[in-house]
Structures are given as C-alpha cells and as structure tokens.
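Hello,

Here is the structure I said I would pass on. My notes on what was found in it follow below.

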Amino acid sequence: MSNQIVQSFQAGGTITEYALVSIDAAGKVVVTTSAADDNCVGVAQRAASSGDMVDVVIHGITRVIAGEGITFSNNPLLGATTAGKVQIAATAGEYVVCRVLPNVNQVSAVDGDQIRVLFTGPSIVVA
C-alpha cells in the first residue's frame, strides 16, 4: 500500500500479519492486546516469530483485522483488542489508534475480516 511510514522492528514474540503491535520494555514489538495500551506503535505487515525483523506501518494506510462486527459509517474510530485486532473505540480509557477507510465494496466487517484503515497511533482517549 502507498502513503505509509514503515519502520522495521525486532519481534519480541509471535506476531500475526496485520496485527497491531506495541513496543515492549526491551524495545521489541509484541502483539497489542488492550485498547488502554498507549505503547501501540503500528501494524505488522507480515507474520513473524520471536527474534525476526518485521516491517511495521507506524503511520499511514494499512490493513488490520477486525475483532468484532463494525459498521463503518457508525463507528469509524477504532482501538485495539485481543490478538492485535481492532474494535470500536467507545469505552472510557481506550485509545483510538486508527480510522476505518470504507469503500463501495466494504462498508462493514465481522470478526476476522481484513479492513483498510488510516493508522495514526494512540492519540485520543475516549472519555
């Protein structure tokens, strides 16, 4: 995809393709598992094992994996959930990390679907 800023990181554990990832205490990336994680740095562009180098979109358009049913027009702002997936950012204390980018072929998603987003990083805390 174009319009991306990509940085390579060493994986601190097993990472799945298009998973949100966070920086751990050792400076490695691990799968993000919480919407309250302000260390979410980007989206892994391929699967990786611990110790592998993995390209991560730290800003820009990328694919992610939906972690629940999402209607794009109603819920464009997304945060992290388990397994590096995204969910609707609606609960107090959650960070919005990306905005969904709908198109004429995809206006909603269910758990496990790949969707396109603009990843911006944890910038807004839902009040």
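Among contacts (heavy atoms within 4.5 Å) in the protein chain between residues at least 6 apart in sequence, 58% join residues at least 24 apart. Please note that this is a predicted model, in which local features need pLDDT of at least 70 and side-chain atom pairs count only at pLDDT 80 or more, while totals for chains, interfaces and linings use all residues. Residues are numbered from 1 along each chain as its sequence is written, and side-chain values use heavy atoms, with hydrogens and water left out.

The protein chain has zero helices and eleven strands; helices (H or I, at least four residues) and strands (E, at least two) are DSSP runs, numbered from the N terminus. Along the principal axes, the C-alpha atoms fill a box of roughly 40 × 30 × 25 Å.

Next, the interior. Of the 127 residues, 39% are buried, where buried means under 20% relative accessible area, exposed over 50%, and partly exposed in between (1.4 Å probe, protein chains only). In soluble globular proteins, nonpolar side chains tend to be buried together. A nonpolar core here is a set of buried Ala, Val, Leu, Ile, Met, Phe, Trp, Tyr and Cys residues joined through side-chain atoms within 4.5 Å. The largest one has 19 residues, and Leu-20, Leu-78, Val-86 and Ile-115 touch the most other members. Two or more residues each come from β4 (40–44), β5 (53–65), β7, β9 (95–100) and β11. Another core, of ten residues, lies apart from it and includes Phe-9, Ala-19, Val-29 and Val-54.

Which residues does Val-86 contact, leaving aside its neighbours within four places in sequence? Among them are Leu-20, Val-64, Ile-70, Leu-78, Cys-98 and Ile-115.

Last, the charged side chains. A salt bridge is a side-chain nitrogen of Lys or Arg within 4 Å of a carboxyl oxygen of Asp or Glu, and the count comes to one. The side chains of Lys-85 and Asp-111 form it, at 2.9 Å from N to O. These two residues are 26 apart: Lys-85 is in the loop between β7 (77–80) and β8 (86–88), and Asp-111 is in the loop between β10 (108–109) and β11 (114–125). Lys-85 counts as partly exposed because its relative accessibility is 24%. Asp-111 is also partly exposed, at 48%.

Regards
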